[in-house]
Amino acid sequence: MVAESLGYVRIGMREPQLWAEVGENVLGFESKVLTDGSVILKMDDAPFRYLIESADQDGFIAAGWQFSEQGYGEIVDRFAGSAIEHHQGSREECEKRQVAAFIRASDPSGNVFEVYHGRSGASPFTAPLGINYIAGDLGLGHVVLPAPEHDATCEFYQSQVGFAASDELTLPPPADGFPEMKIHFYHAANPRHHSLALFNGPAPSGVVHLMTEMRSIDEVGACLDRVNHAGLPVTASMGRHVNDGMLSFYFLAPGGIPMEVGCDGLQFDWSEFTPTQSTVGDYWGHVYNFPE
């Protein structure tokens, strides 16, 4: 039982159309408004990678993890034989996600997640800005989730959901009176360094950040120009991470969702990999500047 990739994410918005505009005009995704007012965003041939739903409050809703049919059956059996509360997706819910089946549950820190198999509705991606992303079998990118119940949440995703460790990053406290910061990184059954990471603190929007990967520094730089032109807050300057080599910057998308846009992410053969322990997050850059 191994998670294959981050297949999709769900975000709640009082005005989903705001994400359609930023998704298409800033990030270069293909957008479509559904009959119920939701917005789907494509970045490859998958039916969608982002589902922006009408909601009373802006914020991250859930990550959707892709499994093989066999792996999905194994995790359903595991959850059914344990005390893990879970919800079986209805036919209507499956149709909206364009999956054969899914279940929804929460981790020990309260983050909602979904596991599914059998994605349907694939169609060619028509790039409005001519950008082709590193996605496909690697999934949409990665998600970093708040995990105040850090040890229990890390154990849960490894023992119950099928992730494996890539790196454990420990950083000094951000200020007096705060604990040290920990971010544990986990890979799925694809070469991306991490599809999931868990931070030992809160996140106002329900997610620490989402990452989308472009193919060149020129595409990333042009995206930064579009972010600045749109007046969106840049929350971290350009920089390069140590553990996955990603060259990236961060900005706030609608709903206060932090986005990392990068390139050059390292890929690994996990049969020849030993998990690392890091005390430095960046080779250079990534000067953080969060708005009030």
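Let me start with a term: a residue is buried if its relative accessible area is under 20%, exposed if over 50%, and partly exposed in between, using a 1.4 Å probe and protein chains only. The model is predicted, so local features need pLDDT of at least 70 and side-chain atom pairs count only at pLDDT 80 or more, while totals for chains, interfaces and linings use all residues. Residues are numbered from 1 along each chain as its sequence is written, and side-chain values use heavy atoms, with hydrogens and water left out.

Now the aromatics. Trp270 and Phe273 are both buried. Rings of Phe, Tyr and Trp (its six-membered ring) pair if their centres lie within 6.5 Å; planes under 30 degrees apart are stacked, over 60 edge-to-face, and the rest tilted. The whole structure has 17 aromatic pairs. One of them is Phe125 with Tyr133: the ring centres are 6.2 Å apart and the planes stand at 55°, so this pair is tilted. Phe125 is buried, at 15% relative accessible area. Tyr133 is buried too, at 5%. Back to Trp270 and Phe273: their centres lie 4.9 Å apart with planes at 85°, so that pair is edge-to-face. There is also an aromatic cluster, formed by Trp65, Phe79, Phe113, Phe156, Tyr157 and Phe163.

Next, the sheet. Helices (H or I, at least four residues) and strands (E, at least two) are DSSP runs, numbered from the N terminus. Two strands pair if DSSP finds at least two bridges between them. Ten strands make an open sheet with mixed pairing, in the order β17-β10-β11-β12-β9-β13-β16-β15-β14-β18. Which strands stand at the edges? They are β17 (276-278) and β18 (282-285); each has a single partner strand, so one side of each is left without a neighbour in the sheet. From one strand to the next, the twist averages 20°. Angles here run from 0 to 180 degrees between N-to-C directions, and axes are lines fitted to C-alpha atoms, for helices over the stretch in contact.

Look inside the sheet. β11 (residues 181-187) and β12 (residues 196-199) run antiparallel, joined by four bridges. Phe185 has Ala197 of β12 as its bridge partner.

α1 lies across β13 (209-213), β15 and β16, at about 20° to β16.

On to α5, residues 217-230. This helix has 14 residues and reaches 20 Å from its first C-alpha to its last, close to the 20 Å expected at 1.5 Å a residue. Its buried residues are Glu219, Val220, Cys223, Leu224 and Val227. They cover an arc of only 145° around the axis, which puts them on the same side of α5. On the other side, Asp218, Asp225 and His229 are exposed. What do the buried residues of α5 pack against? Their partners are α1 (17-27), β14 (234-241), β15 (247-253) and β16 (257-263). After α5 comes Gly231, with a positive phi near 75°.

Last stop, Leu138. It sits in the loop between β8 (112-117) and β9 (142-146). Buried or exposed? Leu138 counts as buried, at 10% relative accessibility. Contact means heavy atoms within 4.5 Å. Leaving out residues up to four places away in sequence, Leu138 touches Ser5, Asn190, Pro191, Arg192 and Gln267. Ser5 is 133 residues away along the chain, yet the two C-alpha atoms are separated by 5.9 Å.

Methods. Expected span 1.5 Å × (residues − 1). Arc of directions from axis to C-beta.
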